[in-house]
Amino acid sequence: MNILLTGGLGFIGSHTAAVLAGEGHEVVIIDNLCNSQRQTLGSLEMIAGKKFPFYEGDVRDLTLVKSILQDHQIECVIHFAGLKSVAESGVDPLKYFDNNVGGSITLMEAMQAANVKKLIFSSSATVYGIPQYLPYDEEHPLSPMNVYGRTKLQVEEILQDLSRSDPDWSIVCLRYFNPIGAHESGLIGELPQGIPNNLMPYICQVVSGKLPHLNVFGDDYDTKDGTGERDYIHVMDLAEGHAAALAFTRDHKGWEAINLGTGIPYSVYDLINAFEKSAKQAIPKMVKERRSGDLPIYFAKVEKAKNLLNWEAKRDLQLMCDSSWKYQQGAKR
Ligand code: NAD
Ligand code: WQD
């Protein structure tokens, strides 16, 4: 199929581009490089052994997006382009609504005009909010606790209304849990700018000597070892989940939300222990106050993805850490 990846040079988009190209799809990328680098395109082309048509541009540019859809006879769009910092979204909400919600609406308009009606959207487990029960299934009430999460929920709702208005649409909202890890080649991975907010990139920078120690945000939660527990998923499993969702859209019409996780929660200390094995060194750490807005534990119910997409995560926590460390050792930033 001819597929457009918005935000295709970012962390999840680049791994998905590698998987889809490996399956023989024609992948076109648009990215404004606000949180990625052009060099990722070269790395992707080394992995795939072929060139990708690339547009440095913004999904809010209606004319550009329409012309890409038409020129490349795109059949499905995978919409990764978005801003993802929870902290920044609280400081600058309009920037987040403009980019994440406004960008998605412009993309939908372009798709409607070009008669492209298959869309896979990068949503997030953050749409669920405080767990009423665990694991979160897709019917769990939706009540995001931050602006970033509200942008994701708003786009999901707009997409649902769009599919109600025109039964030709096939829309899949994939609710990712905590993606970490990197491509097995070590050529692409997560490339955060500045000091990372998230646990895995922070650990990588501590182990490579760029940061002095890891701050463990709270060891007094009601969890197995007192630290926060999350459903970490290898980014290559996540990428393969997109390939499965793409296959699903061939015969599907309507709107679906589907969790992509492993269903297994790991604590901060589990991740530290696994990473210490990968890097063969101890990670200096200091226990700090809980981070505001953090939940103690959440993880996915994964049956819907198994049933509808015939997909489940295969890679374990050690492989997530091994691949992140391999990428970090080769990464230049
Ligand atoms: P990322 O920042 O690495 O990738 C996003 C890409 O989109 C970047 O390359 C950025 O330059 C580009 N982009 C942003 N706004 C754009 C715009 N207006 N026009 C064109 N390009 C634009 O993030 P990621 O981790 O790969 O996440 C991809 C998507 O998945 C995002 O929508 C994110 O909100 C969502 N998501 C991520 C996580 C996670 O933990 N990484 C979890 C759940 C959901
Ligand atoms: C994981 C655990 C922290 C950093 C975020 C977004 C979520 C989604 C994924 C996009 C928690 C602890 C962290 C550190 C620590 N993104 N931690 N020291 O918060 O689960 O999810 O990314 O949709 O919306 O909120 O991920 O990696 O930041 O934290 O102890 O330096 O690690 O307290 O328990 P989080 P995270």
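Q: Which atom of ligand 1 is close to the side chain of Asp 58, and what is the distance?
A: In this predicted model, a nitrogen atom of ligand 1 is 3.0 Å from an N or O atom in the Asp 58 side chain.

Q: What about the side chain of Asn 99?
A: An N or O atom there is 2.8 Å from a nitrogen atom of ligand 1.

Q: And what does Cys 34 do around ligand 1, backbone or side chain?
A: Backbone: a polar backbone atom of Cys 34 is 3.0 Å from an oxygen atom of ligand 1.

Q: How much of ligand 1 does the protein cover?
A: On its own, ligand 1 has 820 Å² of accessible area, and the protein covers 95% of that.

Q: Which elements give two or more residues to that shell?
A: They are α1 (11-22), β5 (118-124) and α6 (147-165). With three residues, β5 gives the most.

Q: How many residues surround ligand 1, and which are the closest?
A: There are 28 around ligand 1, and the closest are Asp 31, Asn 35, Ser 36, Lys 84 and Tyr 148.

Q: How do they split by class?
A: The shell around ligand 1 has twelve nonpolar, eleven polar and five charged residues.

Q: Switching to ligand 2. Which residues are closest there?
A: Of the 20 residues that surround ligand 2, the closest are Tyr 148, Asn 215, Arg 230, Arg 291 and Asp 294. Tyr 148 is also listed among the closest to ligand 1.

Q: What is the distance between the Tyr 148 side chain and ligand 2?
A: An N or O atom of that side chain is 2.6 Å from an oxygen atom of ligand 2.

Q: Which backbone atoms come close to ligand 2?
A: A backbone N or O atom of Leu 199 lies 2.8 Å from an oxygen atom of ligand 2. A polar backbone atom of Asn 215 is 2.7 Å from a nitrogen atom of ligand 2.

Q: How much of ligand 2 gets buried?
A: The protein buries 89% of the 690 Å² that ligand 2 exposes when taken alone.

Q: Which element gives the most to the shell around ligand 2?
A: β8, with four residues. Both α7 (199-207) and β8 (214-217) supply at least two.

Q: New topic: how many residues are in the largest nonpolar core?
A: It has 41 residues, and those with the most contacts inside it are Leu 5, Ile 29, Leu 174 and Leu 309. Helix α8 (residues 235-249) contributes the largest share of this core, nine residues.

Q: What does Ile 29 touch?
A: Leaving out residues up to four places away in sequence, its contacts include Leu 5, Leu 44, Phe 52 and Tyr 55.

How values were computed: Residues numbered from 1 in each chain as written. Chains lettered and ligands numbered in written order. Predicted model: local features only at pLDDT ≥ 70, side-chain atom pairs only at ≥ 80, totals over all residues. Heavy atoms only, no water. Core = buried A, V, L, I, M, F, W, Y, C linked by side-chain atoms within 4.5 Å. Buried < 20%, exposed > 50% of the residue type's maximum accessible area, 1.4 Å probe, protein only. Contact = heavy atoms within 4.5 Å. Near = heavy atom within 4 Å. Polar contact = N/O pair within 3.5 Å; in protein donor to acceptor, adjacent residues only side chain to side chain. Areas by Shrake-Rupley, 256 points an atom, 1.4 Å probe, with all protein chains shown as cover. Nonpolar A, V, L, I, M, F, W, Y, C, P; charged D, E, K, R; others polar.
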